[in-house]
Number of protein chains: 2
Amino acid sequence: MESVIIEMAKAARRASAEIARCPSTLKNEVLIKLADLLETQAAELKVENAKDIERARDKGLSAAMIDRLTLNDAVIKSMTAGLREVARLNDPVGSMSQSVIRPNGLEVARMRIPLGVIGIIYESRPNVTIDSAALCLKAGNAVILRGGSEAFHSNQALAAVIASVLGESGLPETAVQVVPVRDRGAVNILLEQEEQIDLIIPRGGEGLIRFVVANSRIPVLKHYKGVCHVYVDADADMKMAENICFNAKVNRPGVCNAMETMLIHSAVAERFLPVMAQRFSNAGVELRGCSKTCGILPDIKPATKTDWHEEYLSLTLAVKVVADMQEALNHIAEYGSDHTEAIVTGNYQTARRFVREADSSVVLVNASTRFNDGGQLGLGAEIGISTSKLHAFGPMGIDELTTTKFVVFGDGQIRV
Amino acid sequence: MESVIIEMAKAARRASAEIARCPSTLKNEVLIKLADLLETQAAELKVENAKDIERARDKGLSAAMIDRLTLNDAVIKSMTAGLREVARLNDPVGSMSQSVIRPNGLEVARMRIPLGVIGIIYESRPNVTIDSAALCLKAGNAVILRGGSEAFHSNQALAAVIASVLGESGLPETAVQVVPVRDRGAVNILLEQEEQIDLIIPRGGEGLIRFVVANSRIPVLKHYKGVCHVYVDADADMKMAENICFNAKVNRPGVCNAMETMLIHSAVAERFLPVMAQRFSNAGVELRGCSKTCGILPDIKPATKTDWHEEYLSLTLAVKVVADMQEALNHIAEYGSDHTEAIVTGNYQTARRFVREADSSVVLVNASTRFNDGGQLGLGAEIGISTSKLHAFGPMGIDELTTTKFVVFGDGQIRV
């Protein structure tokens, strides 16, 4: 197995030079052909997917897991729509920016270039195979994909379709490779190929991500979890605050940009909390409050210290009354995960200060935390969210799968 | 010792929040006060520096090492000039760019923010202490400096001056700390503080850098070496090629952006090499040639395979005749270090292709490799050069000591 993975990594490195030079038109053709072929081969894909689903049922996987594993017409349609969307994105490769003329006449600019070889390690959703391959390819990178073992047959079938399109288009089939081994040891070997792989992006739960970070010799872009806060300021419009908090918690509670802790300025807590609690209660949200919150809402559970760290990913919400914005910022600095923070306020200075001092990848004023998403922020498709500051901080789109080099145009300049 | 380093790292993390918020005016005042104080305390600094020099002489260090260690008036003047230059640089912190209005009215932009805490690990030059502290501070970061043990007394004296200026200005003295321990084990402990330190930048020889990379749990920005190439194309202006190659090799042979291998298109080799070899010979440059080169210049040494990998850092140069630009690009891909490559050509298509396909941090057309330098490329002072593609590729100035977060301004938007 080890030699299989090492060979894949070397083949990816070789393919990367060719993909880096591939013109946009050809990359876009490949993406559109791939979308067409996935549609015409839907029946065959479902047959392979059925093998995974049968195995998952035999192993007693949860209904939610099986749901995420299933390739039905709706999932295939979303994959092909995604491919066509990536085909429409501007190609960043080769574009130049920040051009300056130096006093000696040298023209200096930065040219956007692919990163090289990217490894994606993910869990059961087979659509990640197509989404990730498309973005990496469009950004001029070769990619090695390692999906969950539950989706083994589905991913192999998708890999075969991708390879056939690449081959037909005269591009190296090894530009997109899916690890053909179920064994988790394959991941460890992949994470040691630092000479061939430039970046690892894990997509999945905190356990998977911690495993990847602990075992990788290659730089990893990741977020562990999203403990997102909304701070309702004393100068907030109460109705706006209510709508934003409700949306941030209830719109899709199982995702990383949902609110997990609500912070309320003490000056408005007595006015805001009873109304908000009623609305949350109607939606089935369970509250856990600090002592001041419990003073105002005597029927709710008291929060313990672990609640402030919690990414519930469900209809549970921690609630804390703070004396002022400084206490809110201190709470976020201590318990937050650098993911997403929002403030609701009508005060100009307060908004400016929150935006500067909340040290998270996305900071919003008067908008729901749910907008931390590449599509919503205008990046097009996203490959993940980074909560570490190097290279990319926040949602990562196609540009974050590239870097820049300096290009210098001269007329014979030498250094004196 | 371990607890000393851990406490330093924690203090740096605490200080980083305050430095991140520090207004430009105050940061610039600190830098200028520091320059003034270094000048008035020059005599005291030289007394401490003399202790290091005496110890270095006792240990039998080379004259070159002792030269790099020496704090004389010229070195102090260059440090204070550097401080005043950094004070004049635009402050990147808080500036916003890439602002877009989304269809739902959200305004999305990226705000430049400090990285947090930066660790700099370097060798004997004490001026690096001041240069690095200045750039990190101006970019809003706290910094931990660990200079070579040979410069121990000099660095401690510089640290005391910096701390006194920070303290007088009402800023935390722990925003800039110099490791007060000679033992190399201190470096290992520093490299394990991944919760407190965001980035490590090693500055020095390849041995130091490999040691740091092998032992760090924190991301490292570095280059190992500069095996820089100049490719003289068939369509080059011969006189321009001669001047560029001469400058790239001879101007300052001991630095990373000096040319180490010269590649010549076979169509012009017989015309170019004898003239160039004569000029190199007059300057004391020793050539090592491929078989074709030796055919044209029978008096020179033949190159062995190790020569193509070599960073001589001296007046030695490897020379190879290539059949075409593809062979030059293949040679660079195989033996280069992703640092700096230059082409000399008058051909438009050739220049465009070289710029795209040479996969190094700085690629030049008709200019000397010696321009790979932050100051020369217009970045202002530089903190080093990165030859890995994540976060920064090429010379790193003040912007590369920051990152961006997303800021979103709304009017109550929720996600539907």
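**Notes on the A–B contact and the build of chain A**

1. Start where the chains meet: 51 residues of chain A and 51 residues of chain B make up the contact, with two residues in contact when their C-beta atoms, placed from the backbone, lie within 7 Å. Keep in mind that this is a predicted model, where local features need pLDDT of at least 70, side-chain atom pairs count only at pLDDT 80 or more, and totals for chains, interfaces and linings use all residues. Residues are numbered from 1 along each chain as its sequence is written, while chains are lettered from A and ligands numbered from 1 in the order in which they are written.

2. (Helices, H or I of at least four residues, and strands, E of at least two, are DSSP runs numbered from the N terminus.)

3. By class, chain A's side has 23 nonpolar, 18 polar and ten charged residues. Here Ala, Val, Leu, Ile, Met, Phe, Trp, Tyr, Cys and Pro count as nonpolar, Asp, Glu, Lys and Arg as charged, and the others, Gly among them, as polar.

4. S16(A) also pairs with strand S13 (residues 362–367) of chain B, in the parallel sense over five bridges; pairing needs at least two DSSP bridges between the strands. Within S13(B), B:Ala367 is the bridge partner of A:Gln413.

5. Now chain A by itself. An automatic or database assignment divides it into domain 1 (2–222 + 394–408) and domain 2 (228–376). Their C-alpha centres lie 35 Å apart, and four residues of domain 1 are in contact with five of domain 2.

6. What about the cores? The largest nonpolar core has 130 residues, and those with the most contacts inside it are A:Val230, A:Val232, B:Val143 and B:Ile144. A second, separate core of 75 residues includes A:Ile5, A:Ala87, A:Ile121 and A:Leu191. A core is a set of buried Ala, Val, Leu, Ile, Met, Phe, Trp, Tyr and Cys residues joined through C-beta atoms within 7 Å; buried means 20 or more other C-beta atoms within 10 Å of the residue's own.

7. Not counting residues up to four places away in sequence, A:Val230 touches A:Ile244, A:Cys245 and A:Ala248, among others. Across chain A, 53% of the 416 residues count as buried.

Technical notes: Buried ≥ 20, exposed ≤ 12 C-beta atoms within 10 Å, placed from the backbone.
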